[in-house]
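Biologist: Can we go through this structure together? I would like to start with the helices and then turn to the strands.

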Amino acid sequence: MSHRRAPRGGRTGAGGWGWLARGLLVLAALTALGSVALAVFLNSLRANLPDLATLYRPPSQATRIYAANGELIASLYRENRAYVRLSEIPAVLQQAVIAIEDERFYQHRGVDVRGILRAAWRNLTRQSVVEGGSTITQQLARNLFLTPRRTLDRKLQEILLAVEIERRLTKDEILERYLNQVYFGGGAYGVEMASRLFFGKSARDLSLPEAALLAGVIQAPSRYSPFDNFAAAKRRQEVVLDRMVELGFLRPDQAEVAKKALLHLSPGPRNLGLVGVRAPYFVSYLLPFLVERYGEDAVYNGGLQVYTTVDPRLQAIAQQVITQGVEEARRGGLRVTQGALVAVEPRTGRILAMVGGVDFSRSQFNRAWQARRQPGSAFKPFIYTAALENGVSPDRVLLDAPVEYRVAGWGYWRPKNYDGTYWGPIPLRVALEHSRNIPAIRMLVELGPQTVIDTARRMGIRSPLQPNLSLALGTSEVTALEMAAAFATLAAGGVYAEPVAITRVLDAKGRVLDDFQPHRRVAVRPEVAYLMTDLLRGVILRGTGRAADVGRPAAGKTGTTDDYRNAWFVGYTPELAVAVWVGNDDNSPTNRVVGGSVPARLWARFVKRALVGRPPSDFPVPEGLLQVPVCVKHAPDGTCERQGWRAVLRGAEPSPSPAPEGRATSPPAEAASRPGGVALLQPRDGAEVTSPFVVEGRTAPGAEVRLVVVMEGGPSAVQVVDAQLAVGPDGSFGYTVESPLRFSGARYRVTVEARGPDGAVGTATVTVRER
């Protein structure tokens, strides 16, 4: 019996072909399933495509801005698009756009694979984005129908839409719609409005250099804006001209001439949509926030519905008051050309009115929040608020007498009062009412600049504040909006409400995008706020702000800077906090305009009209205050002739006022007046300070004073000051200590040595600690 062995290779071959056949079947099945899935997916995308009827409708939706009462105050860029036919658009502009955006526009059918690969290669070789991959048709589809979200399904929808647009429209129709739809920045949509924005002319009149620059802006309007970055716009223009040469639209010599041609940009408004709206300065304040939060396209073309806090009646009054008031001052020879006004609701922070100049059509610069100006004496309430917080009584006696401070690296500073006079010992209340500089400086020295800065920060000042002695004179610049909000803190019983201009934003379909609520926090204690309000009421009733008397409870402060460059009045009632500034854009001096004149009158004019028909209300008295007897009128012999009542902090009842510095009735003054005697008045022994801090003291007139400050607490003691100090006629001296090695917990040993005219020597030493 024979046995035949089957060939090994034959058996193996049959099995291999079986596996291969099964693999092919699986692959075919997967391919079929994939095709079905792809078809289902594409059909789903097609089913969700927007209605292409939009192609035949007028483009864009205006963003509408509403006042607090629902009135429409602005339709942003309602006329920012002027539709022009392709026949009215210069051929050079059409060619420039095609050259830089889609060179194969007339060859492809909506999507250009070669163009995508070419753009990727050029961007890679030049190591920057010089060309995009989307065709003009794709860009039109995206601009008309899709959101800017970068997702795969959105890109596929863009491709499908582009193909469908190509089926429905001719190439010239697509190009015409694109040139009227594309965004150029600055609120300008379409070539006609862009031409007016950048060059002040119609698109039909554009030259080749202008057309090339315009075409270059399309890729990135913010980056290539000739207003904001002319150098980048010019480089981009040259790229466009080079591409036009490569494609045969221009000869090289034509391109070179165009590159060298001067470009004359329009001097007109760079923001086409704001001239003519009912509250242009207020709307201009909103725009940066809206653009940052929602994007330029949504703000300028997305049909947003923005509900704001502005009161149209108050806004109209504010604009009229500033425009007429500045014109009156100008005609009166006071050399005032500009002004600003901000009105805030104290308990909510809602901005009720904002005027940033006399005429928005002439100047879009918003002086209410974009301009920082020195507040002068309008800053003093922050000093005295800090003083009240630290236990100083409103009836504390302060010395209004010449003083001299030596400032390290600068020399001697001898501040003066506005009128050049000195009143001697006066109550804090009188010093504030009559805006005396020297008592405010002395109080700043006593508290320390950083203490005052901290108080101002809590109350709403955001601008940089310098911790030096001139802070008491209002030399650090602030905005009118900050000042109105900070004074509103006092009107609201010590609660700071962050300024808010927008309450609600909806999209074009009415869906809520944001619902803004007031942000409030306690900045100063209620009893401190009330006492400060009581002091500031005296400014209007008896002091420098009498022109601001409106016949109802009100408080405020005047402010005037050196050479009369800035004049302020900032004040409030229980219902309203208002800041008024007048001056000149070039910071030139006015003709002796002070805060108690033009600004106070304009403030009163606005407040009276704003609150007409509303019964007067008083500031509520908080808990924590006591009514104590005080002398409101003294007899010639110093006794009390008439007694009254005044609210004071519980625990801070007035005691017999200490004698002013320099009088021989207090122990330090007595010690200082003796031969060789010296007294350190500031800082107190054991106090906490923040460098730079002020050393102030008194000795006998004519004495020589040496100051030595040693810092301890580190690896070794370091001498930071060794200086001879000038002594004033009354024996006072001062010095600002700036430690180059400041750190928390450092100890400073402050020693002064005084050598009297008779050779007698006295010393005084205190030790303080860095916060």
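Biologist: How many residues of helix α16 are buried?
Modeller: In helix α16 (residues 437-447), 11 of the 11 residues are buried, so the rest of the structure largely encloses this helix. Buried means under 20% relative accessible area, with a 1.4 Å probe and protein chains only. Helices here are DSSP runs of H or I with at least four residues, strands are runs of E with at least two, and both are numbered from the N terminus. This is a predicted model, where local features need pLDDT of at least 70, side-chain atom pairs count only at pLDDT 80 or more, and totals for chains, interfaces and linings use all residues. Residues are numbered from 1 along each chain as its sequence is written, and side-chain values use heavy atoms, leaving out hydrogens and water.

Biologist: Which residues of α16 are buried?
Modeller: Among them are Arg442 and Glu446, along with Ile438, Met443 and Leu447.

Biologist: What follows α16?
Modeller: Gly448 does, and its phi is positive, near 95 degrees.

Biologist: Another helix, then. Is Leu161 buried or exposed?
Modeller: Leu161 is buried, at a relative accessible area of 0%. This residue belongs to helix α5 (residues 152-168). Its C-alpha atom is 8.6 Å from that of Thr137, which is 24 residues away along the chain.

Biologist: At what angle do α9 and α10 pack?
Modeller: Helix α9 (residues 230-246) and helix α10 (residues 252-260) pack at about 170 degrees, and their axes are 9 Å apart. The axes are lines fitted to C-alpha atoms over the stretch in contact, and angles run from 0 to 180 degrees between N-to-C directions. The two helices are therefore roughly antiparallel, a label for angles over 145 degrees.

Biologist: Which residues of α9 and α10 meet there?
Modeller: Including Leu241 and Val245 in α9, and Pro252 and Ala255 in α10. Contact means heavy atoms within 4.5 Å.

Biologist: On to strands. Which strand does β19 pair with?
Modeller: β19 pairs with strand β21 (residues 693-699) in the antiparallel sense over four bridges. Two strands pair if DSSP finds at least two bridges between them. Val678 has Thr699 in β21 as its bridge partner. In β19 (residues 678-682), four of the five residues are buried.

Biologist: What is the strand order in the open sheet?
Modeller: The five strands run β20-β26-β25-β22-β23, with mixed pairing. β20 (688-689) and β23 (718-725) are at the edges with a single partner strand each, so one side of each has no neighbour in the sheet.

Biologist: In what sense do β20 and β26 pair?
Modeller: They pair in the parallel sense, over two bridges. Glu688 has Arg769 in β26 as its bridge partner.

Methods
Angles under 35 degrees count as roughly parallel, over 145 as roughly antiparallel, 65 to 115 as roughly perpendicular and the rest as oblique. Buried means under 20% relative accessible area, exposed over 50%, partly exposed in between (1.4 Å probe, protein chains only).
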